[in-house]
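Biologist: Could you take me through this model, one contact and one chain at a time, and show how each answer is reached?

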Amino acid sequence: MSRKIEIMVGFFMIIAICSILFLCFRVTDVSTFSQNSTYRVYAIFDNVGGLKARSPIKIGGVVIGRIANITLKNYKPYVTMDIDANYDRIPSNSSLSIKTSGLLGEQFIAISLGIAKSSENELDIEDAQDRGINEDPSVNFEEKIPDYFEEGFVIHNTSPAMVIEDLIGQFLFSSGNAKDKKA
Amino acid sequence: MTELKSNSTKFDNLVEIHDMSFYRGARPIYKNMNLTVPKGKIIAIMGPSGIGKTTLLKLIGGQLKPQSGKILFDGENIPTLSRSRLYEVRKRMSMLFQSGALFTDLTVFENVAYPLREHLNLPEPVLRNLVLMKLQSVGLRGAANLMPSELSGGMARRAALARAIALDPDLIMFDEPFAGQDPISMGVIVKLIAEINQSLGLTCIVVTHDVNEVLSIADYAYIVAEKHIIAGGTSEELRQNDDMRVKQFLEGLADGPVPFHYPAEDYLTDLSRGIS
Amino acid sequence: MLNILARIGQSGINFIALFGQAGIMLFGALVGKPEFKKQFPLWVKQFYFVGVQSLTIIVVSGLFIGMVLALQGYFILTTFSAEASLGMLVALALLRELGPVVAGLLFAGRAGSALTAEIGLMKATEQLSSMEMMAVDPLRRIIAPRFWAGFFCLPFLTAIFIAVGILGGALVGVDWKGIDSGFFWSSIQNNVDWWHDTVNCFIKSFAFSIAATWIALFNGYNSLPTSEGISKATTSTVVYSSLVILGLDFILTSLMFS
């Protein structure tokens, strides 16, 4: 009796642990485990449209991070973003825009890569990657603006979300104006 | 264990109740009641049903707390004991419940072994022999491997008795040990109580309303009614008591101080109400 | 008017008193020096009664809920030709809401009512009293192992429920309706977030397990020792734990997903 109970309980525990492992590895993408290896950058937009916390940030359609939260700073939308620490070579003059996946899909931030300053200088990219940016004495003259996105960097080079209602409104308004002119 | 035993000789009375009052809600169950239980005797507590005799045992066992008064067990006031001290004291008393209260998921053997396993760290062979000895003394050694559901009512009570004496307590409280038993098992239990008292020197408190059975073995008997003890004495003294209440109880008269009729308004007016 | 007010006040006081009693019971059961050697066999036994015996109902209902979810989801998603997201729909629905809640409700019905009835019956047959008279604390011996078994078993059962549900969804979506299995699983992996979905699911599940087990144990411990009292206690265990699970779910969801 007691032995049977012990065996059944063991069996139960094994099924439960298998299920938990299944949920962890088959259902959840394992790469999202690593929460701590992100760095935080900020961006100021004119209009964030339907952007929400946890919306993705993409480069060329690949998710590289998520939005931590959105607040107002000096009455402008101020977006806090967590970007995967593996992608630490995003040039600082890259621009952000808010796009919509599909016609009705969720909105996300797309980063269009700029040109890294260091590659304009005599250094080639491979070389720069070998050295830490902050320790590099050769880029000291540009201390205020780092070459790449890094912790605490604030991006001003942004374009606002396209709000469809506004676009339609503008279209109607301009076509109305055209009619007025004809009349 | 021996230390406890020698400790217990300090007082002549194992249990003393002084001026104890107990209320359930606003309803008084006991008012200023006094009771003494001398060491090594069989004490019977009798009374009509529903008078709170089981409550009295629970008060002595510390499961209920009186509103006022003292309940001394071997000199210690039960209601004011700390929790851990109360649990220590309880190892020296045990209680045989009306239903037996065997653990339904354990065999008879494991039931008797339960208090031993909980409180003593005995090696398995010693424990087994001890349990079998206890079971032998109640005549149930052959039933050691049965489940409680396979026992008859009388056997269940005997098994529970074996469990109650497992720790060799100083006091055993029997809650209605004869209720609902056939004459044979009633006789067996009467014999067992007397044997336990004589051979082990245990103090027994027997709560019952089976007058003849208990008076045949009790050294001293109390009758409880109207929230306190109305009479006490040996069985001879009780039988010669002139109190109408005692007479009614002992002889089983239908009407007397305890009325046959539950209090109601006048019979005739109640009936005539339906006619008019 | 004043009578109504008094009645409201009275029921409020009663509720708080009951809650306090339940708290004292749980405190008495769980606080104290642990006795692993004596407790362990009791734990195993309770894991059997609470966990293993609920396994069948959890697996079967998980399978069917996963399958029906996939089927309904498929019909709706095909109208947007978005059936590739079926996996995401099934997995998120199960992880965020259905898994913890339905497993909790089934647990309350299966294990919770059994716990209440068992303890109520132990009380009615004076087993708890006799244990107390043997100087054994019934809170430590009876309540504590059952509480811990319930506390750990419900999250385990929830994990099994969700896993089986997702597999059932895959069965319908992939094997029957012919969605590409790569699409199915990748839509799950891309949209299920470890912290946001999986961890929150288990937080919910632990909250439900505390609530359901606690209610079940207290109802049994506090039941009137009559057959009517036990049946009443069993009913109120199922009713109250279901209501508390649904209420807690709303509160937790609004905290987690806002």
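Biologist: How many residue pairs are in polar contact across the interface of chain A and chain C?

Modeller: This is a predicted model, and a pair is counted here if both residues have pLDDT 80 or more. Salt bridges across the interface of chain A and chain C come to zero. For residue pairs in polar contact across that interface, the rule likewise finds zero.

Biologist: Which element gives the most to the side of chain A that touches chain C?

Modeller: The contact takes 24 residues from chain A and 29 residues from chain C. By class, the side of chain A that touches chain C holds 14 nonpolar, four polar and six charged residues. The element that gives the most to this side, with 17 residues, is helix H1 (residues 2-27) of chain A.

Biologist: Which residues of chain A lose the most area to chain C?

Modeller: Between them, chain A and chain C bury about 2500 Å², with 78% of it on carbon and sulfur atoms. Together, the residues of chain A that lose the most area to chain C account for 25% of what that side buries, and they are A:Phe12, A:Leu23 and A:Val27.

Biologist: What does UniProt place at residues 7-28 of chain A, and how much of that span is helix?

Modeller: The feature that the unreviewed UniProt entry places at residues 7-28 of chain A is "transmembrane region". In the model, the end C-alpha atoms of this span lie 30 Å apart, with 0% strand, and the helix content is 95%.

Biologist: For chain C, how far apart are the end C-alpha atoms of residues 74-95?

Modeller: The unreviewed UniProt entry for chain C places "transmembrane region" at several spans, including residues 74-95 and 238-257. Over residues 238-257 of chain C the chain is 95% helix, and the end C-alpha atoms are 28 Å apart. Residues 74-95 of chain C are 73% helix and 0% strand, and their end C-alpha atoms lie at a separation of 18 Å.

Biologist: Turning to the contact of chain C and chain B, how many salt bridges are counted there?

Modeller: This contact takes 16 residues from chain C and 26 residues from chain B, and the two chains bury about 1900 Å² between them, 52% of it on carbon and sulfur atoms. One of the salt bridges pairs C:Asp137 with B:Arg83, whose closest N and O atoms are 2.5 Å apart. Across the interface of chain C and chain B there are also nine residue pairs in polar contact, and the count of salt bridges between these chains is four.

Biologist: Which helix gives the most to the side of chain C that touches chain B?

Modeller: The elements that give two or more residues to this side are helix H2 (36-79), helix H4 (127-133) and helix H5 (138-176) of chain C. With six residues, the element that gives the most is H4(C).

Biologist: Within chain B, which strands stand at the edges of the open sheet?

Modeller: Four strands form this open sheet, with antiparallel pairing, in the order E2-E1-E4-E5 (chain B). A strand at either edge has a single partner strand, so one side of it is left without a neighbour in the sheet. The edge strands of chain B are therefore strand E2 (27-38) and strand E5 (76-77).

Methods. Residues numbered from 1 in each chain as written. Chains lettered and ligands numbered in written order. Predicted model: local features only at pLDDT ≥ 70, side-chain atom pairs only at ≥ 80, totals over all residues. Heavy atoms only, no water. Contact = heavy atoms within 4.5 Å. Buried area = accessible area lost by both parts, 1.4 Å probe. Salt bridge = Lys/Arg side-chain N within 4 Å of Asp/Glu carboxyl O. Polar contact = N/O pair within 3.5 Å; in protein donor to acceptor, adjacent residues only side chain to side chain. Nonpolar A, V, L, I, M, F, W, Y, C, P; charged D, E, K, R; others polar. Pairing = 2+ DSSP bridges. UniProt positions renumbered as here; feature names shortened; annotations may be inferred.
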